[in-house]
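Please look over the sequence and the fold before reading on.

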Amino acid sequence: MEVLMYIFRWVVSSDLDLRSLEQLSQVCRGFYICARDPEIWRLACLKVWGRSCIKLVAYTSWREMFLERPRVRFDGVYISKTTYIRQGEQSLDGFYRAWHQVEYYRYIRFFPDGHVMMLTTPEEPQSIVPRLRTRNTRTDAILLGHYRLSQDIDNQTKVFAVITKKKEEDQLYSVLFLQPSPVYHSPSLKIPRSTGETAVTAFEIDKMYTPLLFARVRSYTAFSERPL
């Protein structure tokens, strides 16, 4: 049994691939029982919520907490597509003025260890998603940082993230992400001043950005680097 449980922890891995664990539980009755082991689901909950989930409180099991409590997903990318019309330059004879349709994507990738990546680019998901598999990407325009989950007085789960440019670490951004709805909520922008102080500017991100939709990527959980 100890060897089986160790193999099951490798299946879940440090990427929290509980989907593969559920598939493994369909092999036989013995595997089903192993996949429902409370210790596996407790470790997964601790990795997602940390000390805020030491007790079950409103849930009957650790598995129920992991499945029903709002959280971010690690087995894919959150993607939003923005399209708008921009007025172009007027012709030399003044007869017409061109209009351009601008399209770009915003990608956000969360990791179980608290790190996050964000990239804004006109490139489509087919070419960008493979580059976001690890944080060691060579894309210079990517923003790196860390995040944490928090609950407000209305019991809404939000993600607070601080990210910075890959090379210019003096520019910081803070973002609030609302779960389970795939949209931003109540953001603010932090820009350090030359005096060392930080100026915070609030703006309505719901009106400025299109909703983020989650896309599962199988290659992100195809290999296990270390067990749960």
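Helices are DSSP runs of H or I with at least four residues, strands are DSSP runs of E with at least two, and both are numbered from the N terminus. This is a predicted model, in which local features need pLDDT of at least 70, side-chain atom pairs count only at pLDDT 80 or more, and totals for chains, interfaces and linings use all residues. Residues are numbered from 1 along each chain as its sequence is written, and side-chain values use heavy atoms, with hydrogens and water left out.

The structure holds seven salt bridges and zero disulfides.

- Most residues other than glycine have a negative phi.
- Ser13 sits in the loop between helix H1 (2-12) and H2.
- Ser13 is buried, because its relative accessibility is 2%; buried means under 20% relative accessible area, exposed means over 50%, and partly exposed lies in between (1.4 Å probe, protein chains only).
- Leu16 lies in the loop between H1 and H2.
- Leu16 has 7% relative accessibility, so it counts as buried.

**Salt bridges**

- Side chains of opposite charge can pair when their charged atoms come close.
- A salt bridge here is a side-chain nitrogen of Lys or Arg within 4 Å of a carboxyl oxygen of Asp or Glu.
- Glu22 pairs with Arg36, and their closest N and O atoms are 3.2 Å apart.
- This pair links distant parts of the chain, 14 residues apart: Glu22 is in helix H2 (residues 18-24), while Arg36 is in the loop between helix H3 (29-35) and helix H4 (38-49).
- Glu22 is partly exposed at 22% relative accessibility, and Arg36 is partly exposed at 24%.
- Glu39 and Arg42 also form a salt bridge, at 2.7 Å from N to O.
- Glu39 and Arg42 are about one helical turn from each other, because they are three residues apart in helix H4.
- Glu39 is partly exposed, with 38% relative accessibility.
- Arg42 is partly exposed too, with a relative accessible area of 28%.
- Arg73 and Asp75 make another salt bridge, with the closest N and O atoms 2.9 Å apart.
- Arg73 is partly exposed, with a relative accessible area of 31%, whereas Asp75 is buried, with a relative accessible area of 11%.
- Salt bridges with shared partners join Glu22, Arg36 and Arg63 into one network.

**Cysteines**

- How many disulfides does the structure hold? The count is zero.
- Cys28 is in no disulfide, and the nearest cysteine sulfur, that of Cys34, is 7.9 Å away.
- A disulfide is a pair of cysteine sulfur atoms within 2.5 Å.
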